[in-house]
Amino acid sequence: MRIPLIAGNWKMNCTLAEARELAAAAVAAAKGFTDRQVLLAPPFTALTEVAKVLDGSGILLAGQTVSWAEQGAFTGEIAPFMLKDAGATAVIIGHSERRQDGVIGEPDNRVNPRLRAALQAGLMPILCVGESLATREKGWDETEGWLKKQMDEGFAQLSLDEARRLVVAYEPVWAIGTGKTATKEQAQEVHAYLRALLAAMYDKSLASGVRIVYGGSVKPSNIDELMSQPDIDGALVGGAALDRKQFTRIIQFQAAN
Ligand code: PGA
């Protein structure tokens, strides 16, 4: 049984006042729902304030990235213990905006060390994978190959028990912030492929337990159909998570099965 996860990634947005307001709206929206988990990933500066608003609500708090190092001379990075100290229990790792050349340009080989540092500290990592438009246009074989490479890199050296603690986010780069959502069929196809990969990398029981969430222009108008797909276990929401009404509707999704 995989509990659906609705995660809001606020990216580089929000004053403290805005963050408090958005967090309070998420608390109100999630109230009474015991069949789903909600998670917020505010910018680092707002973590402690948001933690106060979320206190007792059951909503999870996450960082948007974390350092591979324990602490020390790494200007601009944030250590796992700092995230925990601020109240976070989860962290997004390998988001395409961090990986993309010309945006932040973080090398792919940084993803796994960050992930292992997060696990070591007891944080729940959300590993993002996804293909670019150029890769998708080259066809399914290329897309599969790309996703397999990112999954192999992400899960490198992880034991079965560690791998169990991850959430995978499939975020096709061409659908992020573009208004172009993958169709429910396109998303389901990739999610099923990722689950099959996990079964091959570990075993069937692990593959059926790991949550695979979809991200890329998730909106009130497509959340229900996405959540009705058998292998879509939640959503990682960017733009629509910054709008109280939209995120409330997304939290309150109704799946058809
Ligand atoms: P979007 O972003 O919902 O604005 O497309 C999703 C994400 O980057 O996590």
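Two residues are in contact when heavy atoms of theirs lie within 4.5 Å. By that rule N222 touches T181 and S217, leaving aside residues up to four places away in sequence.

This is a predicted model, where local features need pLDDT of at least 70, side-chain atom pairs count only at pLDDT 80 or more, and totals for chains, interfaces and linings use all residues. Residues are numbered from 1 along each chain as its sequence is written, and side-chain values use heavy atoms, with hydrogens and water left out.

**Around N222**

N222 sits in helix α11, residues 220-227. Helices here are DSSP runs of H or I with at least four residues, numbered from the N terminus. N222 is buried, at 7% relative accessible area. Buried means under 20% (1.4 Å probe, protein chains only). A polar atom of the N222 side chain lies 3.0 Å from the backbone oxygen of S217.

**Around the ligand**

Polar contacts are pairs of N or O atoms within 3.5 Å.

| Residue | Atom on the protein side | Distance to a ligand oxygen |
|---|---|---|
| K11 | polar side-chain atom | 2.7 Å |
| H95 | polar side-chain atom | 2.6 Å |
| G239 | backbone N or O atom | 2.8 Å |

Taken alone, the ligand exposes 280 Å², and the protein buries 95% of that. These areas come from the Shrake-Rupley method with a 1.4 Å probe.

Conventions: Helix = DSSP H or I, 4+ residues; strand = E, 2+ residues; numbered from the N terminus. Buried < 20%, exposed > 50% of the residue type's maximum accessible area, 1.4 Å probe, protein only. Polar contact = N/O pair within 3.5 Å; in protein donor to acceptor, adjacent residues only side chain to side chain.
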